[in-house]
Amino acid sequence: MFRWAVCGLGRISHRWVKVANGIPDMKVIAAVSSSKSRAEDYKKRYEMDYALTYEELAKTPSIVDAVYVATNMSGHQKTVEMFLKAGIPVLCEKSFALNTKQAKSMIDTAKRKNVLLMEAMWCRVLPANRYIDQIMKEKKYGNIISASADFKAGWGHGPKSRVWKKDVGGGSVLDLAVYLVHYSQMLMGKPKRVIVTGKIKNEVDISSDIIFEYNNNVKFDLHSSLQFPWISDTFKIYCEKGNVIIPSFYGANKVIEKPFSGKKIIKKFEKIDGFTYEIAHFAELVRSKKKESYILPLSVTYEVMELLEEINHQLGVTF
Ligand SMILES: NC(=O)c1ccc[n+]([C@@H]2O[C@H](COP(=O)([O-])OP(=O)(O)OC[C@H]3O[C@@H](n4cnc5c(N)ncnc54)[C@H](OP(=O)(O)O)[C@@H]3O)[C@@H](O)[C@H]2O)c1
């Protein structure tokens, strides 16, 4: 039985715990929170064995095989490093950190302690997106010429949400554009030029418009927004021999290929909660005693953090 702790008992933790508990031979056995009483309630609700504070888990590391950290981004560095120092493998929610200084410190700690650390960027682990990575690397449709993508989602965040608050790492860049940046990084690596405009309110960005320029005049046009009537979340890749469209790219289970000669191909992938792949991948890494993910290495997480920091810098947002 693979034993998980969940740390940070906010909105996303509930979905994550339900998915993890649904995977055979896996159970979330410890609820870990800054509030002991919230941990107790959570433990009862999901029939867990332990309700702990962060410090209590760090003092009893052998009760679990890994911890999933879903605290506010502003808490990632402190919490993640505490668990790494205790020898517990950590799966850390996105955005990995608020800035490159924090990210470097977290990565250095993982390497120094020789403990597994991975960013919980589930979009990178999904079979549909691994398929995209593969066909683009194989140049099935020739070279990429350009891409355009949105992650605009105006739902789900009430006026008190973390996304509007600077002190907990708010803004559309760290909440939504992080997926666009990861996807672009998967396709093209690091851009040679980044151009950003956006809308700021109360020191965090509500929306960002990002252009990534690469060699050979390749351009990606990316948009994130926390204020949108509903959701716009498609990634379109334009290549020399055809176009590829990924609806809901961050949680993709369908890919539409439109070759310039030949028939449209619609490739469908298993329709299960995409968290399953990230959780199973991480457990496999722990079981095989790996210290880094071969799908999402820490160097990639750091490169994405550098880009997020540059985007925030151009918007005038400093964390
Ligand atoms: N992968 C994804 O699809 C996805 C989706 C959404 C969010 N996320 C990421 O997950 C992290 C957390 O996001 P979230 O949306 O879950 O944030 P949230 O609901 O605002 O919760 C954030 C933290 O607030 C603390 N908290 C304080 N008072 C609380 C209360 N009364 N009830 C519940 N929690 C309370 C919790 O930590 P304590 O229990 O320790 O106090 C919790 O971890 C962020 O890094 C975010 O970017 C990922």
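Predicted model: local features only at pLDDT ≥ 70, side-chain atom pairs only at ≥ 80, totals over all residues.
## Two domains

Let's begin with the overall layout. The protein chain splits into domain 1 (2-121 + 276-291) and domain 2 (123-272 + 303-315).

Where they meet, domain 1 puts in 16 residues and domain 2 puts in 17 residues. On the domain 1 side, α4, α5 (100-113) and α8 (275-287) each bring at least two residues to the contact. Which of these helices gives the most to the side of domain 1 that touches domain 2? That's α8, with four residues.

## The nonpolar core

Now for the inside. The largest nonpolar core has 102 residues, and the members that touch the most others are V6 and V67. Helix α7 (residues 172-188) supplies the largest share of this core, with ten residues. Why does the core lie between the two domains? Domain 1 and domain 2 both give residues to it, so that's where it ends up.

Leaving out residues up to four places away in sequence, V67 touches A5, C7, L57, F83, I88 and V90.

## A six-stranded sheet

Next comes a sheet. It is open, has six strands with parallel pairing, and its order reads β3-β2-β1-β4-β5-β6. At the edges sit β3 (50-52) and β6 (117-119), each of which pairs on one side only. Neighbouring strands here are turned against each other by 25° on average, ignoring direction. Helix α4 (residues 73-85) packs on this sheet, where it touches β1 (2-7), β4 (66-69), β5 (90-92) and β6. The direction of α4 makes about 170° with that of β5.

Strand β2 (residues 26-32) has partners on both flanks. It runs parallel to β3, and three bridges join the two; A31, for instance, has A51 in β3 as its bridge partner. Six bridges join β2 to β1, again running parallel, and R3 stands opposite K27 in β2. Is β2 enclosed or open to the outside? Five of its seven residues are buried, so β2 is largely enclosed by the rest of the structure. As a general point, side chains in a regular strand alternate between the two faces of the sheet.

A few spots in the backbone are worth a look. A cis peptide bond joins K94 and S95, with omega at about -20°. You'll find S95 in the loop between β5 and α5.

Two other residues have a positive phi without being glycine. One is K139, with a phi of about 55°, in the loop between α6 (127-137) and β7 (144-153). K139 counts as exposed because it has 12 other C-beta atoms within 10 Å, and the cut-off for exposed is 12 or fewer. The other is E203, with phi near 70°, in the loop between β8 (193-201) and β9 (204-213). With 14 other C-beta atoms within 10 Å, E203 is partly exposed.

Key
Residues numbered from 1 in each chain as written. Core = buried A, V, L, I, M, F, W, Y, C linked by C-beta atoms within 7 Å. Buried ≥ 20, exposed ≤ 12 C-beta atoms within 10 Å, placed from the backbone. Domains from an automatic or database assignment. Contact = placed C-beta atoms within 7 Å. Pairing = 2+ DSSP bridges. Axes fitted to C-alpha atoms, helices over the stretch in contact; angles between N-to-C directions.
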